[in-house]
Amino acid sequence: MFWPQTRPTLHDGRGLPAQAGAAPQCTYSKWTGDFMSKTLEATETEAAYGAGPSAIGCEPGAHKSRPRIALLSNPNSTGNLAQLPRIREFCADHPDIFHYEVENVAQIGEAMKTIARVRPKVLAINGGDGTVQAALTEIYNGDHFGDERPPVAVLPSGKTNLIALDLGAKNDPIETLEHLIELARTDLGPHTVARELIALRHGDGEERPVIGMFLGGAGLADTMLYCRHKIYPLGLPNGFAHVLTAGAFLMKVFLGIKANFLPPDPKPLQVSVHENGGKITGRFSLLAVTTLEKLLITNPFDEGHSGTLKLLAIEQRASSMIGAIFAHLGGKLGQSTVRGVHFEKADGLTIESESSNIILDGETFCAEAGRPIHLYPARPLAFVKLAA
């Protein structure tokens, strides 16, 4: 859909253009309120909200504190197709929230520049894992907030919500926003947690890393892409689509069936651990690298491991997957040796392959000859823990 403006014009409280010299309002025209982000150019932001932190409000002097929450929304995230009208209405009724919408992730850099001028107490992201990853990448590389980066909260939106689930956002987005408003009115310290981040560089010499928290590779990445391109287009409910995909994955692993309606065979790859020079080579049904507390299966890393990046790799053998499942059920996964199951915690990993898909929080890369995937820890970022 073509939107004829990149920013809204100021309107008075009746939805009419503001008269010259009239105090700017936070009310937008009908079509602007329905479709556009609430964003202003730098000069308009200062005019409408004031230049100092104590002068931000809908009208000059109307409020003596800045909006406590800046909400960045991606309308194209699947979960937002149904929820965004409710979210827009909620934000319109709550001046504590500064709501900015983007049409695509390429606009997130400009969004962060505007949000940084508002100086919110919390930055909430309303989108899937891909939107969160793009926002984290811009926060990390853009340095828009200087040394005062607000803690990040993630709303449960999109097809996948691994990051939101890890942070405890399991409820309706409106309920999450209500909870965030309550938290932002208090001392946020007890409700924030530091999370390490993954910095991904594709190939040697790349300066700007992509930032995320969960990476899937080998058979796991191929299965995620299979779900994205073959199952989601069927229009099934998310839960059923994920069950169907898991069934196809298990048929592939345990029965060894080769068919066009199943995920493809994983390509061979090599993972190098920087600290000890160790290498893991082969075809893997599952390869995951994360800084999250929870992996897809379990959290198998005990205090005996050192390093920030958590690697779980299961070789493409039914016996290895069965061994991993029974070790998990017995509470011994990661604590005992299972043939074909590899655990590492490291401060640097390199993934090499002739052609193997890698997905970092929704964005797809390909490890190929001459362009390996390099993974390093990025400096921690504060997140709002939403679990009770």
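**Strands, helices and cores of a predicted model**

Gln270 has Thr281 of strand S9 as its bridge partner. The model is a predicted one, in which local features need pLDDT of at least 70 and side-chain atom pairs count only at pLDDT 80 or more, while totals for chains, interfaces and linings use all residues. Residues are numbered from 1 along each chain as its sequence is written, and side-chain values use heavy atoms, with hydrogens and water left out. Helices (H or I, at least four residues) and strands (E, at least two) are DSSP runs, numbered from the N terminus.

The pairing of S8 (residues 269-273) with S9 (residues 279-282) is antiparallel and rests on 4 bridges; two strands count as paired if DSSP finds at least two bridges between them. S8 and S9 form a hairpin with 5 residues between them, and Gly277 in the turn has a positive phi of about 70°. Strand S8 also pairs with strand S13 (residues 349-353), in the antiparallel sense, over 5 bridges. In S13, Glu352 is the bridge partner of Gln270. Because 4 of the 5 residues of S8 are buried, this strand is largely enclosed by the rest of the structure. Buried means under 20% relative accessible area, exposed over 50%, and partly exposed in between (1.4 Å probe, protein chains only).

Another group of strands forms a sheet. Strands of a sheet pair through backbone hydrogen bonds, either parallel or antiparallel. Here, 6 strands make an open sheet with antiparallel pairing, in the order S12-S11-S10-S7-S14-S15. Strands S12 (341-346) and S15 (363-368) stand at the edges with a single partner strand each, so one side of each is left without a neighbour in the sheet. Neighbouring strands of this sheet are turned by 20° against each other on average, direction ignored. Helix H8 (residues 218-231) lies across S7 (214-217), S10 (284-290), S14 (355-360) and S15, and runs at about 70° to S14. Such axes are lines fitted to C-alpha atoms, for helices over the stretch in contact, and angles run from 0 to 180 degrees between N-to-C directions.

Two further helices meet each other. The axes of H9 (residues 238-255) and H10 (residues 318-329) come within 8 Å and cross at roughly 120°. That makes H9 oblique to H10, since angles under 35 degrees count as roughly parallel, over 145 as roughly antiparallel, 65 to 115 as roughly perpendicular and the rest as oblique. Phe249, Val253 and Phe254 of H9 make the contact (heavy atoms within 4.5 Å) with Ala318, Met321, Ile322 and Ile325 of H10.

The largest nonpolar core has 47 residues, of which Leu72, Met112, Ile115, Leu136, Leu197, Val341 and Phe383 touch the most other members. A nonpolar core is a set of buried Ala, Val, Leu, Ile, Met, Phe, Trp, Tyr and Cys residues joined through side-chain atoms within 4.5 Å. Helix H4 (residues 108-118) gives the most to this core, with 6 residues. H4 is mostly covered, with 8 of its 11 residues buried. These buried residues pack against strands S1 (69-73), S2 (97-101) and S3 (122-127) and against helix H5 (129-142). After H4 comes Arg119, with a positive phi near 55°.
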